[in-house]
Amino acid sequence: MPVHRRLRHTEHVSLIATGHPNGEIARHLAIAPKTVANHISSIFAKLQVADRAAAIIRVRDLDLGRP
């Protein structure tokens with residue numbers, strides 16, 4: 001995966017971990033909400049989780065989402 005996409009996914013993970021909804025993430029990253037949803041689906045698959053709550057737990061357990 002290109003570096004810019006990894007960095008973008010890291011931003012998504014940080015925002016998910018801090019409880020931001022998709023619309024807010026979209027505004028923060030200046031992208032479409034559908035793009036956020038697609039990225040989050042990809043992140044969930046990589047983390048092997050089914051939902052946002054499980055992703056937050058996994059991210060915190062792995063100490064991701066922190067600068």
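**Entry 1: ground rules**

I number residues from 1 along each chain as its sequence is written, and I keep in mind that this is a predicted model, in which local features need pLDDT of at least 70, side-chain atom pairs count only at pLDDT 80 or more, and totals for chains, interfaces and linings use all residues. Side-chain values use heavy atoms, with hydrogens and water left out.

**Entry 2: overall layout**

I looked up the secondary structure and found 4 helices and 0 strands, taking helices (H or I, at least four residues) and strands (E, at least two) as DSSP runs numbered from the N terminus. Along the sequence the pattern reads α-α-α-α. Of the 67 residues, 30% count as buried, where buried means under 20% relative accessible area, exposed over 50%, and partly exposed in between, with a 1.4 Å probe and protein chains only. I then turned to contacts (heavy atoms within 4.5 Å): among those with a separation of 6 or more, 43% join residues 24 or more positions apart.

**Entry 3: helix α3**

I next asked which residues of α3 are buried. They are Val 36, His 39, Ile 40, Ile 43, Phe 44 and Leu 47. These cover an arc of only 145° around the axis, which puts them on the same side of α3; the arc is that of the directions from the helix axis to the C-beta atoms. An α-helix has 3.6 residues a turn, so residues three or four places apart point the same way. The face turned away from the buried side of α3 carries the exposed residues Lys 34 and Ala 45.

In α2 I noted Ile 25, Ala 26 and Leu 29 as the buried residues. Seen down the axis of α2, they fall within an arc of 100°, so they line one face of the helix, while Arg 27 and His 28 on the other side are exposed.

I then looked at how α2 meets α3: the two pack at an angle of about 110°, with their axes 8 Å apart. That makes α2 roughly perpendicular to α3, a label that covers 65 to 115 degrees, with angles under 35 counting as roughly parallel, over 145 as roughly antiparallel and the rest as oblique. Axes here are lines fitted to C-alpha atoms, for helices over the stretch in contact, and angles run from 0 to 180 degrees between N-to-C directions. The contact is made by Asn 22, Ile 25 and Ala 26 of α2 together with Pro 33, Val 36, Ala 37 and Ile 40 of α3.

**Entry 4: the core**

Which residues have the most contacts inside the largest nonpolar core? In this core of 16 residues, they are Ile 25, Ile 40 and Leu 47; a nonpolar core is a set of buried Ala, Val, Leu, Ile, Met, Phe, Trp, Tyr and Cys residues joined through side-chain atoms within 4.5 Å. The elements giving two or more residues to the core are α1 (3–17), α2 (22–29), α3 and α4 (52–62), and α3 gives the most, with 5 residues.

**Entry 5: His 12 and Leu 29**

His 12 belongs to helix α1 and is buried, with a relative accessible area of 0%. Not counting residues up to four places away in sequence, His 12 touches Ile 25, Leu 29, Ile 31, Val 36, His 39, Ile 40 and Ile 43. Of these I looked up Leu 29, a residue of helix α2 that counts as buried at 5% relative accessibility. The C-alpha atoms of Leu 29 and His 12 are separated by 8.6 Å, although the two lie 17 residues apart along the chain.

**Entry 6: two positive phi values**

Where is Ala 30? It lies in the loop between α2 and α3, just after α2, and its phi is positive, about 55°, although it is not a glycine. At 70% relative accessibility, Ala 30 counts as exposed.

Gln 48, which follows α3, is found in the loop between α3 and α4 and has a positive phi of about 60° although it is not a glycine. Gln 48 counts as exposed at 67% relative accessibility.
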